[in-house]
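Please keep the sequence and the model at hand while reading.

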Amino acid sequence: MGYFYNRFDNDSLNKAYELLENCTPLKFDCGALCGGKCCKGGDNDGMILFPGEEKYYAGKSGFTVKKDLATGCLSVVCSGECSRTERPLSCRIFPFFFYAAEKDGKIRIRPGEDIRARGVCPLVGSEDGYNREFERKMRIAASFLEQDAEMCRFLNGITKKITDFGAFSLPRTR
């Protein structure tokens, strides 16, 4: 696969975007199951931005960049409808997120169900039905992000905040 995405200064982010461009959690529009709940939040219900995404979304029509109060990270709030090609990485992988864990002195990145999606997405907690190609591509995208020190620091910090927010054990990883 040749990587042609050049939206960001960060190669690992460009590779993850391209890899997940046309692949979704289900083989059909999962919004049909719930009426697109994940795209119907309020003005404070944004999706976390990965390092480098904020430059792309700042001032872009239909998107507002703001600080997420729960995590302290930058997030983007959209108008509720956008083209898949315009979605940030957090939207492309929802209801999953990339979690960091230290192992043998190195940060490892793995996809897992986003505990913040509980109560929003009917797919959370489902044992089957996910598009296996999507799961495979998420693992590959995680390996791209794992090669980037800035992404590892970011995901290590946000993993701690998300799991504190959930006050549960780490979510199941794929």
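Where is the place of Val 124? In this predicted model, Val 124 belongs to the loop between E5 and H5.

Leaving aside neighbours within four places in sequence, Val 124 is in contact with Pro 95, Glu 113, Ala 117, Arg 118 and Tyr 130. Pro 95, one of the contacts of Val 124, is found in the loop between helix H4 (89-93) and E4. The peptide bond that joins Phe 94 and Pro 95 is cis, with omega at about 15°.

**The hairpin of E4 and E5**

Strand E4 (residues 96-103) and strand E5 (residues 106-113) run antiparallel and are joined by 8 bridges. Within this pairing, Ala 100 has Ile 109 of E5 as its bridge partner. The hairpin has 2 residues between the strands. Asp 104 is placed in this loop between E4 and E5, and its phi is positive, about 55°, although Asp 104 is not a glycine. Is Asp 104 buried or exposed? Its relative accessible area is 74%, and the cut-off for exposed is over 50%, so Asp 104 counts as exposed.

**The sheet of E1, E3 and E2**

An open sheet contains 3 strands in the order E1-E3-E2, paired in the antiparallel sense. Strand E1 (47-48) and E2 stand at the edges with a single partner strand each, so one side of each has no neighbour in the sheet. Strands of a sheet pair through backbone hydrogen bonds, either parallel or antiparallel.

Strand E2 (residues 63-67) is joined to strand E3 (residues 74-78) by 5 bridges, with Thr 64 standing opposite Val 77 of E3. The hairpin of E2 and E3 has 6 residues between the strands, and Gly 72 takes a positive phi near 80° there. On the E1 side, E1 and E3 pair over 2 bridges; Ile 48 has Ser 75 of E3 as its bridge partner.

| Strand pair | Sense | Bridges |
|---|---|---|
| E1 and E3 | antiparallel | 2 bridges |
| E2 and E3 | antiparallel | 5 bridges |
| E4 and E5 | antiparallel | 8 bridges |

**The packing of H1 and H5**

H1 and helix H5 (residues 132-146) pack with their axes 8 Å apart, at an angle of about 170°. Angles over 145 degrees count as roughly antiparallel, so H1 is roughly antiparallel to H5. On the H1 side the contact is made by Ser 12, Leu 13, Lys 15, Ala 16 and Leu 19, and on the H5 side by Lys 137, Ile 140, Ala 141, Phe 144 and Leu 145. By class, these residues are 7 nonpolar, 1 polar and 2 charged.

H1 is mostly covered, with 7 of its 9 residues buried. The buried residues are Ser 12, Leu 13, Asn 14, Ala 16, Tyr 17, Glu 18 and Leu 19.

Not counting residues up to four places away in sequence, Lys 137 touches Leu 19, Leu 20 and Cys 23.

Asn 22 is located in the loop between helix H1 (11-19) and helix H2 (31-34). With a relative accessibility of 74%, Asn 22 counts as exposed. The C-alpha atoms of Asn 22 and Arg 84 are separated by 8.0 Å, while the two residues are 62 apart along the chain.

**The chain as a whole**

The protein chain has 6 helices and 5 strands, which run α-α-β-α-β-β-α-β-β-α-α from the N terminus on. Of its 174 residues, 47% count as buried. The accessible surface comes to about 9,100 Å², and carbon and sulfur atoms hold 50% of this area. Among contacts between residues at least 6 apart in sequence, 66% join residues at least 24 apart.

Terms used. Residues are numbered from 1 along each chain as its sequence is written. This is a predicted model: local features need pLDDT of at least 70, side-chain atom pairs count only at pLDDT 80 or more; totals for chains, interfaces and linings use all residues. Side-chain values use heavy atoms; hydrogens and water are left out. Two strands pair if DSSP finds at least two bridges between them. Helices (H or I, at least four residues) and strands (E, at least two) are DSSP runs, numbered from the N terminus. Buried means under 20% relative accessible area, exposed over 50%, partly exposed in between (1.4 Å probe, protein chains only). Contact means heavy atoms within 4.5 Å. Accessible areas come from the Shrake-Rupley method with a 1.4 Å probe; for residues, only the protein chains shown count as cover. Axes are lines fitted to C-alpha atoms, for helices over the stretch in contact, and angles run from 0 to 180 degrees between N-to-C directions. Angles under 35 degrees count as roughly parallel, over 145 as roughly antiparallel, 65 to 115 as roughly perpendicular and the rest as oblique. Ala, Val, Leu, Ile, Met, Phe, Trp, Tyr, Cys and Pro count as nonpolar, Asp, Glu, Lys and Arg as charged, and the others, Gly among them, as polar.
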